[in-house]
Structures are given as structure tokens and as C-alpha cells.
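This briefing is for a reader who is new to the structure shown below. It begins with a pair of strands and then moves on to the sheet, the helices and the cores.

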Amino acid sequence: MDSIEKASFPMEKADKYRSFLYDEAETTVWRHGCPPTYDSVNQLFEEGRTKEWPKDSLEEIVQKAIKSWEMELSHKIRLQDFKTINPEKFKLFVNGREGLSAEETLRVGSYNALLKSSLPKEFQYYKAEEESFESSHEAFRSAFPRGFAWEVMSVYSGPPVIAFKFRHWGFFEGPFKGHAPTGQKLQFYGFGVLKVDESLRAEEVEVYYEPAELFGGLLNGQLISESQTHHHTHGCPFSN
């Protein structure tokens, strides 16, 4: 997921990659008390993206829609404040597993929803059921202090059923679950299907990807002590 930093209410400011960030910001209930800023990960995105889509193209619209949805899921705590989904119909499906409702997705958080595994616990790279919303975000904020950027690679169909390919990447520059950072760029690719209503609000999101592409790099770092882990995690408090 994309990275963020804590901010006050810069109402004159806009994020060119996300909608609904400062719209109604003063009446929205924010998880950290105010809308986030994405300056760091936007820089990472612009320096590392492989595609630059024309303004108002289908690809650019889809990319902005997904980034906006992720922003709301990570930083708004009331479904009534969401603009990107239809709360009554919304379902998130990951790698063919049972779908999560809007309430369930908001409760567990994006990382736990996307990283839940049906493998026996001894074979799981990441035990989503043992993580809270806060602990899951802290783990990845620590590992990717500059953020975890996301881009659309291709769009294969338009609304109401949008199929697309995506890329996620970041630099492993902070500790992850007792593993020392390697400084390497970690990335993976995936495929998604987004079903939207007439207002382009998401009703169903399907995501398919291989988690081992991410965790192979994260677990490659040397094991470190708990004190070393805390020494490395004093940076940006809201980078995910």
C-alpha cells in the first residue's frame, strides 16, 4: 500500500493521484485525527513508475480510483465517510478466498485482508489472524520507510467490470518482523477485477497475486534483536 505522513488540514492542497483526500476533510473522522499526506510515496512513485498514463485515460482513472480507495480504507474509520465504495454491496476477494464485507475489511485493515493465507500456520509467511490493524500497518511502515508504491500496468476492460494488471514496489530499508533491512527494491505484480456502479463506486474488488514474491525479499534479511528493531523504527509514524 502507498505510504503516508501525518499532516494538519492544508485545505488548499490537493493530491493529484487521489480523490476525496481533502474533500470534506474537516467533517471526516480520520484515523490519526487529520488527513494524511503522500509526498514521500508520490516521489517514490514518480521516480520508479514504468508507465505515465495520459490525463483522463481509462488507465489513469483506474489508477487514481484504486489509490483513493486504499487511502480511505487506511485513514477513514467510518464507512459513511467513504466515497469510493458502495458500503452495502462491497466485497473484497483475495486469491479466490471468501469475500470480506466493507465492515470486515475496515476492521482488519488492508494488509491483513490482502495477506491472509489458507496455508497451515507453520507455512505462513505472515500470520494475518494474529495481527491487528495497527500492528500490520506498523510492520510495513517499518520495512518501507519511503512507502510502498503502486501503479497500473494495463487495463483490459472498462466499467462496469474493470480488469487490470498492477505493480507494487518499495525499498526494504527498515526492519521487518525481526529481519534486518537489505536496502533492496522489492516488487511484485498482480491482477485485479473491479466491479463498479454507475457512480464508479466499487462494489466488488478481486485481487490475485503471489505473496512469496514479496516475502521472499522481506525474510531474506538477517535476523536481528528486538532492541535493534526498535532502534530502526523511530522514523515517519504513518508510512505504510
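**Strands β3 and β4**

Strand β3 pairs with strand β4 (residues 161-171) in the antiparallel sense over seven bridges, where two strands pair if DSSP finds at least two bridges between them. Helices (H or I, at least four residues) and strands (E, at least two) are DSSP runs, numbered from the N terminus. The model is predicted: local features need pLDDT of at least 70, side-chain atom pairs count only at pLDDT 80 or more, and totals for chains, interfaces and linings use all residues. Residues are numbered from 1 along each chain as its sequence is written, and side-chain values use heavy atoms, with hydrogens and water left out.

- Five residues lie between β3 and β4, and the two strands form a hairpin.
- Ala149 stands opposite Trp169, a residue of β4.
- Strand β3 (residues 148-155) is mostly covered, with seven of its eight residues buried; buried means under 20% relative accessible area, exposed over 50%, and partly exposed in between (1.4 Å probe, protein chains only).
- Phe148 lies in β3 and is buried, with a relative accessible area of 2%.
- In sequence, Phe148 and Asn42 are 106 residues apart, while their C-alpha atoms are 9.8 Å apart in space.

**The sheet**

- Six strands make up an open sheet with mixed pairing, in the order β2-β1-β6-β5-β4-β3.
- β2 (100-101) and β3 stand at the edges with a single partner strand each, so one side of each has no neighbour in the sheet.
- β4 also pairs with strand β5 (residues 185-196), in the antiparallel sense and over eleven bridges.
- The bridge partner of Ala163 is Val193 in β5.
- Helix α1 packs on the sheet and touches β3 and β4; its direction makes about 45° with that of β3 (axes are lines fitted to C-alpha atoms, for helices over the stretch in contact, and angles run from 0 to 180 degrees between N-to-C directions).

**Helices α1 and α2**

- Buried residues in helix α1 (residues 39-48) are Ser40, Val41, Asn42, Leu44 and Phe45.
- The cover over the buried residues of α1 includes α2, β3 and β4.
- Helix α2 (residues 58-75) has 18 residues and reaches 26 Å from its first C-alpha to its last, close to the 26 Å expected; the expected span is 1.5 Å times one less than the number of residues.
- In α2, 14 of the 18 residues are buried, so the helix is mostly covered.

**Nonpolar cores**

- The largest nonpolar core has 42 residues, and Phe140, Phe164, Phe176 and Leu218 touch the most other members; such a core is a set of buried Ala, Val, Leu, Ile, Met, Phe, Trp, Tyr and Cys residues joined through side-chain atoms within 4.5 Å.
- Apart from that core lies another, of twelve residues, among them Tyr22, Ala25, Met71 and Ala149.
- Leaving aside neighbours within four places in sequence, Leu218 is in contact (heavy atoms within 4.5 Å) with Phe140, Ala143, Phe144, Phe172, Phe176, His179 and Leu186.

**The protein overall**

- The protein has seven helices and six strands, and from the N terminus on its elements run α-α-β-β-α-α-α-β-β-β-β-α-α.
- Of its 240 residues, 52% count as buried.
- Among contacts between residues at least 6 apart in sequence, 66% join residues at least 24 apart.
- The accessible surface comes to about 11,500 Å², of which 51% belongs to carbon and sulfur atoms; accessible areas come from the Shrake-Rupley method with a 1.4 Å probe, and for residues only the protein chains shown count as cover.
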